[in-house]
Amino acid sequence: MAKIEVDKQLEDIKKVASLNEGKNLKYCILTMGCQLNENDSEKLCGMMESMNYTKTDKLSDTDLIVFNTCCVRENAEDKLFGKLGEVKKYKEAKGTIIAIGGCMMQEKHIVDKLKQSYPFFDIVFGTHTLHQFPKDLYTKIFENKRIEDVLDIDGEVIEGLPISRNDNIKASVTIMNGCNNFCSYCIVPYVRGRERSRNPEDILNEVKSLAKQGYKEITLLGQNVNSYLKSGNVDFESDVKSFADLLREVNKIQGIERIRFVSPHPKDFTDDVIETIRDCDKVCKIIHLPLQSGSTKVLKAMNRKYTKEQYVKLAKKMKEIIPEIVFSTDIIVGFPGETEEDFEDTLDVVKQIHFEQVYMFIYSRRVGTPGDRMENQVPDEIKHKRFDKLKALVESQIQENNQKYIGTVQKVLVEGCSKTNQDVLTGRTDSNKVVNFEGSKDLIGNIVELKIVSEHMWYLKGKIV
């Protein structure tokens, strides 16, 4: 079925390309949200470029504007509606086509608001119909009517669509779509559907292709990568039977020098994956292990299915098996019912684990989730006070962690020039630390050994050994 579906879309791509031939049309894409959204946007860019659109960052130059939305936090909604108000003038001036896709379009109240307050949009498509964007665009151009293409059921995993990547050194590869966990604060299972794993051979072929193109670092993506092949469409004929197997196979691919993955779930972090991380030389030894809260009571309310003690025990076990391992994490501050004692439990875990990186978020109510219906919401003032306290602790630990790097020699994948100084190169260590240094631009795309000479909170300074 998926093969037939992609053939139909490739045919629609040809139709739109024919309509656009010789017109010098431009597109702009605005991506909100996580790495999965960024990966989806790369697919959308691939489709648009195959349809004879050229990418631009100038909204005033565009003939087609695509919003790829996120609904994890409220500020993403504010950003979308603000941008829609901004692009209305381009629609009025030159007939720019406005398409809105992604997770937010799976929420009925958002689509209803678009119809009421921003009726000038042309296309709405959801997470399960992204691959049908060429068909939707052709219909809009040819029939000049507004398109709403959103499915409430889980879509299939579609292979073979064109893709245009933002980077030529690092690439993300989706291994599964959807989530079965239903954390009470999270809208993702409702908008991305249940877990559907990609065929292992399709994943490995994609990584091999990237290796041949010169990519050095691969990030494997999924809402819960440890659940890969454990649920949903798992009837593949392959020697790969688990996420651990997949990691070992990717590790064998020549040309790829680093492997990362996000996000795992602590409750599903099995020993075979820990042992694989230890055994595979290309798998980076920084592991993203989302905590969300250090309070067992709050974790239960969040439906996370592990306790504070189980989380700490897992991290310590991983450290025993892989002494060089470090951790990054996600923490939500101010979940409904969180008391000062609960928050102190979170601070306690941060002090124990000494995370290398912490992504901190103030709890944001999401319509349709159990968390939104809870009556014991934490006042905004208290949320912000706790957030600031957590931020101060994390930043003090980052400074402390950074000191450990000074005087050491680190292998750094050189990603390009610094955004603030074109005479300085920048790259990342295995542990994802940014390192700036002076060197020839010929080093871009290579792994070099640098001696770390100083730390500056958010980056390190190095010198070529």
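This is a predicted model: local features need pLDDT of at least 70, side-chain atom pairs count only at pLDDT 80 or more; totals for chains, interfaces and linings use all residues.
## Exercise 1. Helix 8

Find the buried residues of helix 8, decide how they are arranged around the axis, and name the elements they pack against.

Solution. 
- Step 1. Helix 8 spans residues 243-251. Its buried residues are Phe243, Ala244, Leu246, Leu247, Val250 and Asn251.
- Step 2. These residues cover an arc of only 160 degrees around the axis, so they sit on the same side of helix 8.
- Step 3. Now look for their partners. The buried residues pack against helix 7 (200-212) and helix 9 (271-279). They also pack against strand 10 (217-221) and strand 11 (258-262).

## Exercise 2. Leu247

Is Leu247 buried or exposed?

Solution. 
- Step 1. The relative accessibility of Leu247 is 0%. Buried means under 20%, so Leu247 counts as buried.
- Step 2. List the contacts, leaving out residues up to four places away in sequence. Leu247 touches Leu220, Ile259, Phe261, Val273, Thr276, Cys280 and Val283.
- Step 3. Check one distance across the chain. Leu247 and Met360 are 113 residues apart in sequence. Their C-alpha atoms lie 28 Å apart in space.

## Exercise 3. Helix 9

Work out which residues of helix 9 are buried and what they pack against.

Solution. 
- Step 1. The buried residues are Val273, Ile274, Thr276 and Ile277.
- Step 2. They share the same side of helix 9, because their arc around the axis is only 160 degrees.
- Step 3. Their packing partners are helix 8, helix 11 (308-321), strand 11 and strand 12.
- Step 4. Tie this to the previous exercise. Val273 and Thr276 are among the buried residues of helix 9, and both are touched by Leu247.

## Exercise 4. His288

Which side chains make polar contacts with the side chain of His288?

Solution. 
- Step 1. His288 lies in strand 12, residues 286-288.
- Step 2. His288 has 8% relative accessibility, so it counts as buried.
- Step 3. Find the polar partners. The side chain of Ser328 is joined to that of His288 by a polar contact of 2.8 Å. A polar contact of 3.1 Å links the side chains of His288 and Asp330.

## Exercise 5. Backbone geometry

Locate a cis peptide bond and two non-glycine residues with positive phi.

Solution. 
- Step 1. Start from the general rule. Most peptide bonds are trans, and most residues other than glycine have a negative phi.
- Step 2. The bond from Val262 to Ser263 is cis, with omega near -10 degrees. Ser263 is in the loop between strand 11 and helix 9.
- Step 3. Lys305 has a positive phi of about 70 degrees. Its place is the loop between helix 10 (296-301) and helix 11. With a relative accessible area of 52%, Lys305 is exposed.
- Step 4. His354 has a positive phi of about 55 degrees. His354 is found in the loop between helix 12 (340-353) and strand 14 (357-362). Its relative accessible area is 23%, so His354 is partly exposed.

## Exercise 6. Thr129

Where is Thr129, and which residues does it contact beyond its sequence neighbours?

Solution. 
- Step 1. Thr129 is in the loop between strand 5 (123-125) and helix 5 (133-143).
- Step 2. Thr129 is buried, with a relative accessible area of 0%.
- Step 3. Leave aside neighbours within four places in sequence. Thr129 is then in contact with Asp149, Val150 and Leu151.

How values were computed: Residues are numbered from 1 along each chain as its sequence is written. Side-chain values use heavy atoms; hydrogens and water are left out. Buried means under 20% relative accessible area, exposed over 50%, partly exposed in between (1.4 Å probe, protein chains only). Helices (H or I, at least four residues) and strands (E, at least two) are DSSP runs, numbered from the N terminus. The arc is that of the directions from the helix axis to the C-beta atoms. Contact means heavy atoms within 4.5 Å. A polar contact is a pair of N or O atoms within 3.5 Å; within protein, one must be able to donate a hydrogen and the other to accept it, and residues adjacent in sequence count only if both atoms are side-chain atoms.
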